[in-house]
Amino acid sequence: MEKLIKKFELCAFFAFALLLQPVFSQNNYSLIQKTEESGITFYWDSLTSTGMLEKNNHQLTFRPGEKIVVLDSSLIIFTDAPTIENNEIKISEDFFSKATEHFSNTDGKSGYKIGAIIIDPGHGGKDPGAIGTITVNGKSVKVQEKDVVLTTGKKLYSMLKKQYPEKQIIMTRSTDVFLTLNERTDIANNVKLSEDEAILFVAIHANASLDKKSSGYEVWYLSPGYRRTVIDKSAADNDKTLFPILNSMMEEEYTTESILIAKFIMDGLQVQIGDKSKARGIKAEEWFVVKHANMPSVLIEVGFVTNQKEAELLHSDEYLQKISEGIYNGIRAFVTHFERSRGFTSTK
């Protein structure tokens, strides 16, 4: 993020005058047609109305109506704003010229990739989280959230570490210790990455309810209605016009990617868990650890410790293995998808 900010700063000086220029449509070309002719892959995110072009391991991200274009998620340039006319994206000669120049760069850079995955088992130490009670061999046994999620997190860590030895796989806690919510997000926000790397934040929790019949697992992401500040204002040279545009583009990418992570993890859990528990779906909320992590983030509720049947499952090492495998398969599917398309959907 620091390198991204520094590169933004190089371009911010020119932003104000360019953004104030009136938009005269010089868009005579169909984006779809030009990309097909040039072997460029076009991805579109309908949630944020943002597009991405990709070729030779280089990406160009844009949004119709805005003159800012982001190259490889690390450098901004200015060009004619693409427009939407009759449900078709139109671009100018200058836009396409700058895009092809960027894609012709053969500096050997690899594509944008996931550099780190943070696993955050909730609660710990003096904070047990939700507590359920089951009977084992005639004895009453507590099923504590902090234990369930730590076991799950450690299993997930082992699988990810084996699959991705080149990536940073980090647990916020690997023992029964207490961490504040701020400490958890500080760990994630302070991870050092190269300029072509992104980071994921996966929080693991267990649920509780006064209704003892409540059961199932769910995945949460930050509500799109909550707007995070994900870049420093100095990245826009404190320009009140440029800053909200840059921040909006970055934050909307985080939201889109978080939703995709949630979907992939939910699919992975459903395959592993089957009919042993029910999928409660993907949900949006303003969880503290999610909204304060400046990166794509999700929070997984693996089940209800207050439901007798589910508490028995969550006390089972075999069942926690299935949960961890489901989360792992979801993360792995997302990483593969992300490193190919930055989380966007191909139009082809």
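1. Helix α6 (residues 181-189) has R184, T185 and A188 among its residues as buried positions; buried here means under 20% relative accessible area, with exposed over 50% and partly exposed in between, for a 1.4 Å probe and protein chains only. Viewed down the axis of α6, the buried residues lie within an arc of 85°, so they line one face of the helix. The arc is taken from the directions that run from the helix axis to the C-beta atoms.

2. The model is predicted: local features need pLDDT of at least 70, side-chain atom pairs count only at pLDDT 80 or more, and totals for chains, interfaces and linings use all residues. Residues are numbered from 1 along each chain as its sequence is written, and side-chain values use heavy atoms, without hydrogens and water.

3. Helices (H or I, at least four residues) and strands (E, at least two) are DSSP runs numbered from the N terminus. An open sheet is formed by three strands in the order β1-β8-β7, with antiparallel pairing. Because β1 and β7 stand at the edges with a single partner strand each, one side of each has no neighbour in the sheet.

4. Two strands pair if DSSP finds at least two bridges between them. Strand β1 (residues 29-30) is joined to β8 (residues 88-91) by two bridges, and the two run antiparallel. Y29 has I91 in β8 as its bridge partner.

5. Strand β7 (residues 83-85) pairs with β8 over three bridges, again in the antiparallel sense. T83 stands opposite K90 in β8, while E85 has E88 as its bridge partner. Two residues lie between the strands of this hairpin, where N86 takes a positive phi near 55°.
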